[in-house]
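Welcome, and please take a moment to look over the sequence and the model below.

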Amino acid sequence: KKHTKVNELLTATPILTEVTVKGWVRTFRNNQFIALNDGSTINNIQCVVDFENTPEETLKRITTGSAVSLIGTLTESKGAGQRVEIQVSKIEILGDSDAEKYPMQPKKHSLEFLRENAHLRVRTNAFGAIMRVRSTLSFAVHQYFQERGFYYVNTPIITGSDAEGAGEMFKVTALPFDNTPRTEEGNVNYKEDFFGKETNLTVSGQLEAETYAMALGQVYTFGPTFRAENSNTSRHLAEFWMIEPEVAFNELADNMDLAEDFIKYVIKYTVEKHEDDLKFLEQRLLDEEKNKPQAERSEMSLLEKLNFVLENNFKRVTYTEAIDILRNSKPNKNKKFQYLIEEWGADLQSEHERFLVEKHFKCPVILYDYPAKIKAFYMRLNDNTEPGKETVRAMDILFPGIGEIVGGSQREERHDVLVEKMKALGIDEEELWWYLDTRRFGTAVHSGFGLGFERLVLFVTGMTNIRDVIPFPRTPQNAEF
Ligand code: 4AD
Ligand code: MG
């Protein structure tokens, strides 16, 4: 008989019907009450076992972590905390779980311990909630763009180009494991690899997406992205997922409108769908904050923070205005800010970004018109800027508690200006011949941005370490999964 999902049973109206459920035992209390979870919701369903008529052997096998199939009657529950429960008439143990050895005991585990058990941590309430929220956020990403006539384009994972020009790539040697070609001296012969050319894992699908925007008008990518940066921070992963829309005929202000509307849409969609999961995560945060001194506790709860973002406009500020704000910010107390931004043209450190978002504006901020020198080669040079003070139509979106969540720009559409810029930066024109073709044949104003998907999941779930919002984070300690 087909089994029913727990989320349906918990809200079902015609009770007193016979149902089948399948799932994993979270706890088994007094040889009588099974708290069963099947992943469809954070909530467990209480299943009442008739222990007097159940063999001792079966009762022993109902342990935390075991997989069971239960048949019983859905009834109104007399107990507190649940509307319905199942009076079990038939128990089948599908898979045993040795209670002594099962790592996910029904108690609070440290996040460090759970990271070492990335294959099992999704069986906890917190990680179940996070991964359900993550799944819905990805669906909302596709829905947002598809509803608005964007085409999903799959850009290459293995590529010969360094889209960001930052040299943070993982090299793909593409040499066969056995039969590796060798030179006469016995060294690996890299010239004879599959491509006859150096390739790497992509750092961004933007350049390829631009070529598609120049034909399909509005496109987006959503795929894995790799950065070989020294990323031992709570905001960086070596393998992360990025969403990159690219739109023909959009200027920088249109790009900002798109990014803000998009972020609000996916958050709203997810908040509406995941009330129970987010309430749980909110409570988890509140419990954690109880241990902190008053001054370090956040002013808003998780759901208040999410609603705040939905209800308020992102503040749009130029880089130059931001520098002035930082310069004038309590110079004595914040010497650090003053020192770091003494010179116009310096890149903002994360302390600066946090100051602007969390202390000064107290809302998401879109910083734009950055100095050309600190941004990528493909960004549109602003007209009429002073020599030495050139700016580009770049935009970064900064979020409270996260820092940079989006990086984007209007693109340099003028062939000659782009080539000049590449020359100045030592970027090989011949390697990017295909990219330059977009500027040779039917070039047009266009813009796009990249949203770091895990940073968005961090914000929505209120988690603080990026390794806790991707199923299998790539870190040197856990590359075995
Ligand atoms: O600012 P970034 O480097 O911009 C680009 O790659 C552009 N090509 C995007 C575009 O215009 N199409 O990266 C974009 C975003 C960042 O704002 C951040 O959210 C995320 O990607 N990101 C990372 N997330 C996790 N781990 C890392 N190592 C990340 N590096 C960037
Ligand atoms: Mg960036």
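S7 and strand S9 (residues 199-201) run antiparallel and are joined by 2 bridges; Ile-158 has Leu-201 in S9 as its bridge partner.

Strands (E, at least two residues) and helices (H or I, at least four) are DSSP runs numbered from the N terminus, and two strands pair if DSSP finds at least two bridges between them.

## Around ligand 1

Ligand 1 is surrounded by 24 residues, and the closest are Ser-204, Gln-206, Gly-407, Gly-450 and Gly-452. A residue is near a molecule if its C-beta atom, placed from the backbone, lies within 6 Å of it. Strand S11 (239-248), strand S15 (403-410), strand S16 (446-452) and helix H14 (453-461) each give two or more residues to this shell. S15 gives the most, with 6 residues.

The shell contains 7 nonpolar, 10 polar and 7 charged residues. Here Ala, Val, Leu, Ile, Met, Phe, Trp, Tyr, Cys and Pro count as nonpolar, Asp, Glu, Lys and Arg as charged, and the others, Gly among them, as polar.

## Two domains

The chain is divided into domain 1 (6-107) and domain 2 (125-168 + 203-314 + 363-478), with bounds from an automatic or database domain assignment. Their centres, taken over C-alpha atoms, are separated by 42 Å.

In domain 1, 4 residues are in contact with 6 residues of domain 2 (C-beta atoms, placed from the backbone, within 7 Å). The side of domain 1 that touches domain 2 has 1 nonpolar, 3 polar and no charged residues.

## Reading the model

Residues are numbered from 1 along each chain as its sequence is written, while chains are lettered from A and ligands numbered from 1 in the order in which they are written. As the model is predicted, local features need pLDDT of at least 70 and side-chain atom pairs count only at pLDDT 80 or more, whereas totals for chains, interfaces and linings use all residues.

Note on methods: Two residues are in contact if their C-beta atoms, placed from the backbone, lie within 7 Å.
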